[in-house]
Amino acid sequence: MPSNKRPWPRLRWWIGGLLFASTVINYIDRQALSVLAPHLKVEFHWNNEDFAIVIIAFRVAYALGQTVSGRLLDRVGTRKGLSFTVLFYSISAALASFTSGLRSLSFFRFLLGAGESANWPGATKAVAEWFPAKERSWAVALFDSGSSIGGAIAPFLVFWLFHTFGDWRPVFVVTASLGLLWLAAWRILYHPPETHPRLSAAEREMILRERSPGEQSSEKTPWRRLLRLPQTWGIVLGRSLTDPVWFFITDWFPIYLVSKHIPLQEGLIAVWIPFIAADVGNFFGGGMSSWLIRRGWPVLRARKALMIGGGLGMMLMIFAATTSNVYALAALFAISTFAYAAWSTMDIVLPADLYPRDAVATVSGMSGTGAGIGTILSSYLIGRISDHYSFEPIIICASLIPLVATALVLTLVRRPLPGGEIAAGSVK
């Protein structure tokens, strides 16, 4: 759209920066509760089983909400969809300051999970709109790395706010306000590339030129057509099997160290190493995939090459079952999170590579729902198996399951989808 306003150079990367900031804020809001949990448990006389109800309320809403929010985003558009959901989850996060007991906090966290579920489908859809195939994995790595950054910032920010106010209630309000600030920037900066008043003619032409005919389809794609495609099931099942490995490491690694008779004070530094490795893995996967595409590799072949390497890298965690050395454990878990992050970046970007724009967020949301269900089930099984047996069977399974996930992606995600093929809902 012609405009008299001065164009912003490389505007697509400003959009990518906004998506990164959204993910950071998303994780700060959700991790605030983890930091404040010890104080809440004392004040309300909760035990661990009580607090688990709050966690499950968030995860159930987050898992189911990704499919719903993905479809919403594909229907109303990225700008309106993320505007609504960020406003919704920011208000939900602030409502936690009115907590009066277990039921009210569980309800507020359920609302937060429902709102935050739109972040990954929405960000993936924005990447599909704004980035050519050779840059998409970089863009996904950028916004996906916000989860590790947000998780690292949250303890320091929340702890500082709690001691500044001397009360936990204002903390939820302050952290929630970050989403409202982001929303103001989003409304100003984000428009589709076809109509953005600050996008240069050259960048607009490059973005639109490199879209495939399927990506430019405006026809709404029904769920039933998407579910007939093996590509959809490859993406959904792949993420459903690998995300639980990530959450096993993030949720259980400190407890695993203690089970190895390693004092938490000694192992505290080691807990940070897998998060740092995951950040590096995000950008390694995105950068290597883009490098391969620039060298002439087909897009799917480049994505799958990184997924094969990631699946093999996660398998090395099996050696953690044979050692109690804290440095060896930190290194093995770091290799696994590095490999997971590279693998996950490829799986997250696949909907943008394969589907028309009206279906990207829907398929991304489906995969998020599958990942949420897998994580809930795995969390239950990890608790039971570790209590009744040990962590060793869990480590072995967590090392081998990513190979199954990789095999499913390689088998089911065979090739790109031409626009006519998805419209017909069949794969030849």
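Valine 258 lies in helix H11 (residues 230-259), where helices are DSSP runs of H or I with at least four residues, numbered from the N terminus. The structure is a predicted model, in which local features need pLDDT of at least 70 and side-chain atom pairs count only at pLDDT 80 or more, while totals for chains, interfaces and linings use all residues. Residues are numbered from 1 along each chain as its sequence is written, and side-chain values use heavy atoms, with hydrogens and water left out. Valine 258 has a relative accessible area of 47% and is therefore partly exposed (buried means under 20% relative accessible area, exposed over 50%, and partly exposed in between, with a 1.4 Å probe and protein chains only).

The axes of H1 and helix H7 (residues 146-165) come within 7 Å and cross at roughly 45°. Axes are lines fitted to C-alpha atoms, for helices over the stretch in contact, and angles run from 0 to 180 degrees between N-to-C directions. H1 and H7 are therefore oblique to each other; angles under 35 degrees count as roughly parallel, over 145 as roughly antiparallel, 65 to 115 as roughly perpendicular and the rest as oblique. Residues in contact (heavy atoms within 4.5 Å) include Phe20, Tyr27 and His39 of H1 and Gly146, Pro155 and Phe162 of H7. By class, this contact has 15 nonpolar, 7 polar and no charged residues, with Ala, Val, Leu, Ile, Met, Phe, Trp, Tyr, Cys and Pro counted as nonpolar, Asp, Glu, Lys and Arg as charged, and the others, Gly among them, as polar.

Histidine 45 is exposed, with a relative accessible area of 70%.

Helix H5 (residues 119-130) has 12 residues and spans 16 Å from its first C-alpha to its last, close to the expected 16 Å, the expected span being 1.5 Å times one less than the number of residues. H5 is mostly covered, with 12 of its 12 residues buried, among them Trp120, Lys125, Glu129 and Trp130. Helix H13 (residues 299-315) has 17 residues and reaches 25 Å, close to the 24 Å expected. The buried residues of H13 include Arg303, Lys304, Met307 and Met314.

Note on methods:
Helices (H or I, at least four residues) and strands (E, at least two) are DSSP runs, numbered from the N terminus.
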